[in-house]
Amino acid sequence: MLGGRPTTYPSSVVASRRLGTETSETRTALLDATEQLMLDSGYAAVSSRRVAAVAGVRPALVHYYFRTMDDLFLALVRRGAEQNLKRQARALASDRPLRALWELSSERAGATLMIELTALANHRKAIRVELARYAEEFRRLQREALAPLLRDSGLDADELPIDALLVALTSVSRVLVMEEALGATSGHAAMREVVERLL
């Protein structure tokens, strides 16, 4: 700050300034803190000061590792998506891949974080583009892994296309988790029984 006014720097200086390494424990702590804030208080509660406080570091370190808050959110999306791609690969390689995919999609913390990221994506195009890119990758990998299995089971692909089955399976599980978080459970037991029969 010079003369009582905030110091501003040309965008070329901001773009070229050094950032912390991606393997840093501090960077990981900042991402963990951001995720925790989103789960506890929602994306609107995430600020550089609050992230720093939860991570136990100085606020300036947030911008040492992430130029903007959007960069922080994008890093969180990418980290979570890459972790979940690995978890999904294990689920799809299991003895009962449909059940494993259902259970993965039914995890409350994951669904809650996805709700917050989707709400954030309504206001930030870069987040929306990244979420959509990963969603398509998840669906592509699901389709590749499950198409042969469903074909071998005798399922009529004209009657129930694999994409429709995948959308139904993953979206129903997330809706159940979202409604249960609100305290609404009407029809849930019946829906879970239907899914159990199908799986």
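## Basis of the model

Residues are numbered from 1 along each chain as its sequence is written, and side-chain values use heavy atoms, with hydrogens and water left out. The model is predicted: local features need pLDDT of at least 70, side-chain atom pairs count only at pLDDT 80 or more, and totals for chains, interfaces and linings use all residues.

## Nonpolar cores

A nonpolar core is a set of buried Ala, Val, Leu, Ile, Met, Phe, Trp, Tyr and Cys residues joined through side-chain atoms within 4.5 Å. Buried stands for under 20% relative accessible area, exposed for over 50%, and partly exposed for values in between (1.4 Å probe, protein chains only). The largest core has 29 residues, and Met38, Val51 and Ile127 have the most contacts inside it. Two or more residues each come from α2 (25-41), α3 (48-55), α4 (60-65), α5 (69-92), α7 and α8 (125-152). Helix α5 gives the largest share, 9 residues. Helices here are DSSP runs (H or I, at least four residues), numbered from the N terminus.

Contact means heavy atoms within 4.5 Å. Not counting residues up to four places away in sequence, Met38 touches Tyr43, Val46, Phe73, Leu76, Leu113, Glu116 and Leu117. Another core, of 12 residues, lies apart from the largest one and includes Leu98, Leu146, Leu166 and Val195.

## An enclosed helix and a buried glutamate

Helix α6 (residues 97-105) is largely enclosed by the rest of the structure, because 8 of its 9 residues are buried. The buried residues are Pro97, Leu98, Arg99, Ala100, Leu101, Trp102, Leu104 and Ser105. They pack against α5, α8, α9 (162-182) and α10 (188-198).

Glu130 is in helix α8. Its relative accessibility is 8%, so Glu130 counts as buried. Leaving out residues up to four places away in sequence, Glu130 touches Leu74, Val77 and Arg78.

## Salt bridges

A salt bridge is a side-chain nitrogen of Lys or Arg within 4 Å of a carboxyl oxygen of Asp or Glu. By this rule there are 12 salt bridges. In the one between Arg87 and Glu107, the closest N and O atoms are 2.5 Å apart. This pair links distant parts of the chain, 20 residues apart: Arg87 is in helix α5, and Glu107 is in the loop between α6 and α7. Arg87 is partly exposed at 28% relative accessibility, and Glu107 is partly exposed at 32%.

Arg99 and Glu103 form a salt bridge with closest N and O atoms 4.0 Å apart. These two residues are 4 apart in helix α6, so about one helical turn separates them. Arg99 is buried at 17% relative accessibility, whereas Glu103 is partly exposed at 45%. Between Arg192 and Glu180, the closest N and O atoms of the salt bridge are 2.7 Å apart. Arg192 lies in helix α10 and Glu180 in helix α9, so the pair ties together parts 12 residues apart in sequence.

## A nonpolar surface patch

Ile115, Val175 and Met178 form a nonpolar patch on the surface, with about 210 Å² of accessible area together. Patches are made of residues with over 30% relative accessible area and no salt bridge; like charges are joined within 9 Å, and nonpolar side chains (Val, Leu, Ile, Met, Phe, Trp, Tyr) within 5 Å. Accessible areas come from the Shrake-Rupley method with a 1.4 Å probe, and for residues only the protein chains shown count as cover. Ile115 lies in helix α7 (residues 108-121) and is partly exposed at 35% relative accessibility.
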